[in-house]
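Trainee: I would like to learn how to read the features of a model like this one. Please take them one at a time.

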Amino acid sequence: MPDTKKIYPRAGDSQTIYLKNVIDCPNIEVGDFTIYNDFVHDPRDFQKYSVLYHYPINHDKVYIGKFCSIACGAKFLMNCANHTLSSLSGYTFPLFGEEWGHGITPEQSWDNKGDIVVGNDVWIGFEAVIMAGVTIGDGAVIGTRAVVTKDVPPYTIVAGIPARPIRRRFSKEDILFLQEIKWWNWPVEKISEAIPYIQSGDIKGLKSLIH
């Protein structure tokens, strides 16, 4: 059975890691078996190169589920990247309170749109960008270099700038079934037994296994 405590799940492959095991930021949570691949930087530097504008002052979080696949160059842009649009100016006066005074605080510089939440079994393509406040449903696919500005429904493929739905991966009935069984929460032994059905897209076989 696979070892969830490994950093490198593939022998001889230093570009692919189990992401959970290199995260030391309390505001980034990653589920078991989620992988990250990086052929430009050391993948262990995910926090440095992929989670951007994640300043402690804002306390926003990134949640990434189990069995996700995150490609090289994917970026998560947090709230501190946003200049507030309620101001008459796009300039970040509050960041320079010691210069301008007026009692304004740094937090007034940006619009806080919330945390980034990525479900389970999500594939995030090469150099895709996920914006603050976005929730991505289980089983979704984010296309190469897509910029995700809105929530993505479960098992939906999105692509483009801004990202738009291309199609659902499966029928509504099958999506509801997959969301109900949540196979990613099963014991590893049961997941291993189910892999032939999961990998081949055999919904009927998967149903026969659990009924």
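This is a predicted model: local features need pLDDT of at least 70, side-chain atom pairs count only at pLDDT 80 or more; totals for chains, interfaces and linings use all residues.

Trainee: What box do the C-alpha atoms fill?

Mentor: The box is taken along the principal axes and comes to roughly 65 × 40 × 25 Å.

Trainee: How many helices and strands are there?

Mentor: The protein has five helices and 15 strands. Four of the strands form an open sheet in the order S2-S5-S8-S11, and their pairing is parallel.

Trainee: Why is one side of S2 and of S11 left without a neighbour in the sheet?

Mentor: S2 (28–30) and S11 (135–136) are at the edges and each has a single partner strand, so there is no neighbour on one side of each.

Trainee: Which strand pairs with S5 over three bridges?

Mentor: Strand S8, residues 116–118, pairs in the parallel sense with S5, residues 62–64. Within this part of the sheet, valine 62 has isoleucine 116 in S8 as its bridge partner.

Trainee: What part of the contacts with a separation of 6 or more joins residues 24 or more positions apart?

Mentor: A contact here is a pair of heavy atoms within 4.5 Å. Residues 24 or more positions apart make up 47% of those contacts in the protein.

Trainee: How many charged side chains are positive and how many negative?

Mentor: There are 21 positive and 24 negative side chains, and the centres of the two sets are 7 Å apart.

Methods: Residues are numbered from 1 along each chain as its sequence is written. Side-chain values use heavy atoms; hydrogens and water are left out. Helices (H or I, at least four residues) and strands (E, at least two) are DSSP runs, numbered from the N terminus. Lys and Arg count as positive and Asp and Glu as negative; His and the chain ends are not counted. The place of a charge is taken as NZ of Lys, CZ of Arg, CG of Asp or CD of Glu. Two strands pair if DSSP finds at least two bridges between them.
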